[in-house]
Amino acid sequence: MTRFLLAVLLTLTLAGCGFHLRNKLMLPADTAAVRVVSTAPYSELAKLLRRGLQASGAELADEDSKGPAAQLQVLSERWGDLPIAIDAQGRAQEYSLRYAVIFVFRREDGSDLVPQQVIELSRDYVSPPTDATGTTTEREILADELRREMSASIMRRIDSVVRKELERGRVPSPATPATAPAAPALPPQGS
């Protein structure tokens, strides 16, 4: 009996604080298979997006097929390292690793379901000039982490746009003009 009361109390507490389990990615019922397209042929982000779409229940189109398919297009991936702290000798000690992606999600007829958007993420890391070997590994770990976060952010954006339109009782119409935001200004590509 105590376990049951504890479970009920825990459930009510979580519900009261606004916690809820994440739902699967919501796409309109008439969405055909989805193809992930990237400007980089071996993009790790594209692989993560394919896995995320598949895990959330979306049907993936074969990359070789020429049939109609909705497209999640990764138009641009940009990396940048921005020094944010220097030592007494004027050498960079701390950097901000920035990752920006421009994407668009199009229906099989070519109309925008999710208009072109930019997502930018950043992480700071320390890079002592005297220890060049350890910082490369730290930067690579941060880059992998940023790619995973970017994939999840893109999936959440798609889901939120579709859910908002379905709440309004309609899916975004093909005639809705999409305004393209300007690409974020990043410093020249780092190492």
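Predicted model: local features only at pLDDT ≥ 70, side-chain atom pairs only at ≥ 80, totals over all residues.

A: Residues are numbered from 1 along each chain as its sequence is written, and side-chain values use heavy atoms, with hydrogens and water left out.

The structure holds eight salt bridges. Such a bridge puts a side-chain nitrogen of Lys or Arg within 4 Å of a carboxyl oxygen of Asp or Glu. Side chains of opposite charge can pair when their charged atoms come close.

Take Asp81 and Arg139. Their closest N and O atoms are 3.0 Å apart. Asp81 belongs to strand S2 and Arg139 to helix H3, so this bridge ties together parts that are 58 residues apart in sequence. Helices (H or I, at least four residues) and strands (E, at least two) are DSSP runs, numbered from the N terminus. Both Asp81 and Arg139 are buried. Buried means under 20% relative accessible area, exposed over 50%, and partly exposed in between (1.4 Å probe, protein chains only).

Next, Arg123 pairs with Glu145, with 3.4 Å between the closest N and O atoms. Arg123 sits in strand S4 and Glu145 in helix H3, so the pair links parts that are 22 residues apart in sequence. Arg123 is partly exposed, at 26% relative accessible area. Glu145 is partly exposed too, at 28%.

Asp159 counts as buried at 15% relative accessibility, while Arg163 is partly exposed at 21%. Elsewhere, bridges with shared partners join Arg123, Glu145 and Glu149 into one network.

Now the packing. A nonpolar core is a set of buried Ala, Val, Leu, Ile, Met, Phe, Trp, Tyr and Cys residues joined through side-chain atoms within 4.5 Å. The largest core has 30 residues; Leu45, Leu49, Leu72, Phe105, Met150 and Ile154 touch the most other members. At least two residues each come from S1, H2, S2, S3, S4 and H3. Helix H3 gives the largest share, nine residues.

Leu45 shows the surroundings. Leaving aside neighbours within four places in sequence, its contacts (heavy atoms within 4.5 Å) are Val74, Glu77, Tyr99, Val101, Arg147, Met150, Ser151 and Ile154.
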